[in-house]
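Biologist: Before we discuss any detail, could you put the sequence and the model up for us to look at together?

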Amino acid sequence: MKETCPVETEQADAILEGYPHAEASLIQVLQDVHRAYNYLPCDVVVKVAETLGVPLAKVFSVATFYKAFSLKPQGDTIIRVCMGTACHIRGGGALVDEVERLLHVAPDETTPDMKFTRNTVNCVGACAMAPVMIVGEKYRGNARAVRVGGYLELGGDDDAN
Amino acid sequence: MPTLTINGKKVQSREGAYVLEAARQAGVEIPTLCHFEGLEPWGGCRLCQVQITKDGWDGWKKMVVGCMFPVEEGLIVLTETDEVRETRRVVLDLLLARCPDTPLIRTMAKEYGVERTSYVSNPEPTDCILCSLCTRVCDHIGVSAISTADRGAGKEIAPPFHEPPAACIGCLACAEICPTDFIPYTTSHTTRSIWGREFEMLRCEDCGRAHITKAQAEHHAANRAETTDVPQEWFRYCDSCKRKQQASRFPAVPQLV
């Protein structure tokens, strides 16, 4: 399960500098690490555990519990297709199939060129826009399978901000 | 000392006790799977659910988890009502769906009238009921070599990165506390293996039987010797030789007549 170790830990050192070395800092540190590396490299996870004085097993437990954390390298753009009830009824399944057809990757896997990672999520809380898929930061409501290719091409920069 | 009523019987309980403890003290049986006296209550298995009420509640009753609900003066506890039995039956029905081949779960479910689960049986049967006793006892010893990983349907007990855990001391506490004997290990007079690690055994200086791992004694010396007041000497002999030594000293003990 360990992947792509070893890795440079300087960025992690800088992140750890900014937080009190206590268990309470764990999630914030992991979030920052995830942002910096785009995943949680196992060397860094070990380092975080040692520095914060938290057992490695606890850090592993937290890192695997939250969908926001990944122990595998992620693609530049993360595609999340909502699998909630409302989206399911309004054709979320077709979006999943279309993403799979275009990218040829299984759920939670990344394309070989590291451009896209495909995730499914249980609900993104945007049922009024069902079916929804999120490309990077961009929410695509009333999504249609025929438009999925276009969404991927346009990429995931959020123009709302 | 709060006085409460359990199934119509007046019971005096320890201040700060939980309903489960008070009930067991009074000889009332409440089934549990995730409870262990030496560990903090967890409330994970939901089998110890009971109903509580009080005078002045107009007969209104509330379902609570026995192992985590603190006793209080005047509390009325009901452990065998139809609602309680039905709640436990559903819990066991669900557990049986997860662990269809586990003898303990099958026996307990049968006691509540569940011969076969009414849910979809787990296509990959497991004996692990995710009670977390193993991870909690490991934390309690101060080792924390294993933890829960993932969540929801994929949740499991695992060492970090699913690799042999460096922190493990091979004490077998996790395997022995497991109510369903899910955690595999082998142990002999020379080595013990658990979680993919191999451990060297320490032998009793008297009979030569292997009794604990070297890593366990070292962990004790480094972390536990001060707080527990148990000297390193304690590990030189196995339990049965220690008993023999103790017994041989008895004749010399002055008799209290």
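Modeller: This is a predicted model, in which local features need pLDDT of at least 70 and side-chain atom pairs count only at pLDDT 80 or more, while totals for chains, interfaces and linings use all residues. Residues are numbered from 1 along each chain as its sequence is written, and chains are lettered from A and ligands numbered from 1 in the order in which they are written.

Biologist: In what sense do β1(B) and strand β5 of chain B pair?

Modeller: Strands here are DSSP runs of E with at least two residues, numbered from the N terminus, and two strands pair if DSSP finds at least two bridges between them. β1(B) and β5(B), the latter covering residues 76-78, are joined over two bridges, and the sense is parallel.

Biologist: Which residue of β5(B) is the bridge partner of Ile6(B)?

Modeller: Ile6(B) belongs to the covered face of β1(B), together with Leu4(B), whereas Thr3(B) and Thr5(B) form the uncovered one. In β2(B), Ile6(B) has Lys9(B) as its bridge partner. In β5(B), the partner is Val77(B).

Biologist: Over how many bridges do β1(B) and β2(B) pair?

Modeller: β2(B) spans residues 9-12, and its pairing with β1(B) is antiparallel. Their hairpin has two residues between the strands, and Asn7(B) takes a positive phi near 50° there. The number of bridges between β1(B) and β2(B) is four.

Biologist: With which residues is Val59(A) in contact, leaving aside its neighbours within four places in sequence?

Modeller: Contact requires C-beta atoms, placed from the backbone, to lie within 7 Å. By that criterion the residues are Leu26(A), Val45(A), Val48(A), Ala49(A) and Val54(A).

Definitions and conventions:
Two residues are in contact if their C-beta atoms, placed from the backbone, lie within 7 Å. A residue is buried if 20 or more other C-beta atoms lie within 10 Å of its own, exposed if 12 or fewer, and partly exposed in between; C-beta atoms are placed from the backbone.
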